[in-house]
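Here is a short briefing for a first look at this structure. Please keep the sequence and the 3D view open while reading.

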Amino acid sequence: MASWTPDPDRFPRFALLDGPSPLARLTRLETALGGRAEIWIKREDLLPLAFGGNKLRNLEFLVGAALADGADALVTSGRRWSNHARLTAAAGARAGLEVHLVLSGPQTDPPNPGIRLAELLGATTHLAATDARAEREALVTRVFADLRAAGRRPYLVEVGGSGVVGALGQVLAGIELAEDAAGRGFVPDDVVVPAATGGTHAGLLVGLRTAGAATAVHGIAVTPPAELRPKIEAMVAGLAAVAGLASVAGTEIRLDDDQLGAGYGRPSAAADEATHLLGRTEGLLVDPIYTAKALAGLVARVRAGMFDGRRVVFWHAGGLPGLFEPLDLADA
């Protein structure tokens with residue numbers, strides 16, 4: 001099995017992980033779904049900082065790049081419940097960097113759990129008046145410019161920590177999965193992952209191919225695929241230009257919107273049913289915004305016979321504080 005190590009001069013890394021995330025079999029969920037597929041779970045929700053989550057992998061390289069650039073602050077953005085925003089606050093605290101989070105409005109009273117957690121971690125939050133993306137992006141520009149004008153050295157982290165640098169962390173996650181599964185005597189046939197900004201999907205696909213695994217990666221879109229697919233394609237192409245990483249054909253990018261429902265951040269009956277099924281069979285939780293819809297995608301595919309006789313890994317990306325978001329916020 002092939003492996004890969006990033007060039008530390010080109011891609012400096014700031015350690016945020018303490019080892020591989022657990023890989024476990026979900027035998028009771030398998031039985032509840034008729035024993036049609038062998039189902040495993042990759043517990044990215046158990047990564048070590050601030051309730052865990054897959055974005056810590058991206059942040060190892062993004063914080064590494066910021067420190068190498070001489071930055072003293074990180075600026076990033078997202079929704080109020082953003083897994084990435086919370087983990088950027090935690091990573092900045094670990095690295096000794098000031099963190100500024102630009103989050104979608106409107107303001108709530110009391111502040112929602114995502115904002116409270118970010119501020120507990122020492123981040124400064126800048127809340128837009130509405131949830132309009134253009135307004136949030138304009139506020140990012142203003143916050144960044146204000147920091148520069150004050151003599152600071154901010155480093156801009158794009159939404160979701162995606163892009164080639166951040167996706168390198170997910171490449172390593174794909175290689176980690178291949179190596180862990182091989183140690184247990186199998187190669188995963190399929191991985192099911194939530195797709196919001198595309199970095200995890202792109203990185204896992206490239207990482208698995210770099211490791212020599214032909215595993216299919218099924219991205220369950222929680223944002224509109226029309227804007228998501230070009231981002232994944234661009235990251236896959238950018239990663240292929242990195243020495244030692246595999247090239248992946250665009251036809252291998254499997255992205256489905258069958259669980260999108262009413263849109264990003266809006267609950268769905270299928271996601272709610274899948275959440276209850278996992279909780280009552282395995283004692284595990286998923287959040288309603290990202291991972292529940294991916295889990296619903298896995299359940300639907302098993303029930304449809306798409307995974308009959310196959311070994312499937314569900315990628316639990318984290319985001320568990322989203323469980324405590326008031327429904328009117330999650331539905332904003």
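**Sheet and helices at a glance**

Three bridges connect strand β8 (residues 216-221) with β9, and the two run parallel. This is a predicted model.

- Six strands form an open sheet in the order β1-β2-β10-β7-β8-β9.
- Pairing in this sheet is mixed.
- The edge strands are β1 (23-25) and β9 (254-256), each of which pairs on one side only.
- From one strand to the next, the twist averages 25°.
- Strands of a sheet pair through backbone hydrogen bonds, either parallel or antiparallel.
- Gly-219 stands opposite Leu-255 in β9.

**Helix on sheet**
- Helix α10 packs on the sheet.
- The strands that α10 touches are β2 (38-43), β7 (190-195), β8, β9 and β10 (311-316).
- The direction of α10 makes about 165° with that of β10.

**Helix on helix**
- Helix α9 (residues 269-282) packs with helix α10 (residues 291-303) at an angle of about 85°.
- Their axes lie 8 Å apart.
- Angles of 65 to 115 degrees count as roughly perpendicular, so α9 and α10 are roughly perpendicular to each other.
- From α9, the contact uses Ala-270, Ala-271, Glu-273, Ala-274, Thr-275, Leu-277 and Leu-278.
- From α10, Ala-292, Lys-293, Leu-295, Ala-296, Val-299 and Arg-303 take part.
- By class, the contact of α9 with α10 has nine nonpolar, one polar and three charged residues.

Technical notes:
Residues numbered from 1 in each chain as written. Predicted model: local features only at pLDDT ≥ 70, side-chain atom pairs only at ≥ 80, totals over all residues. Heavy atoms only, no water. Axes fitted to C-alpha atoms, helices over the stretch in contact; angles between N-to-C directions. Helix = DSSP H or I, 4+ residues; strand = E, 2+ residues; numbered from the N terminus. Parallel < 35°, antiparallel > 145°, perpendicular 65-115°, else oblique. Contact = heavy atoms within 4.5 Å. Nonpolar A, V, L, I, M, F, W, Y, C, P; charged D, E, K, R; others polar. Pairing = 2+ DSSP bridges.
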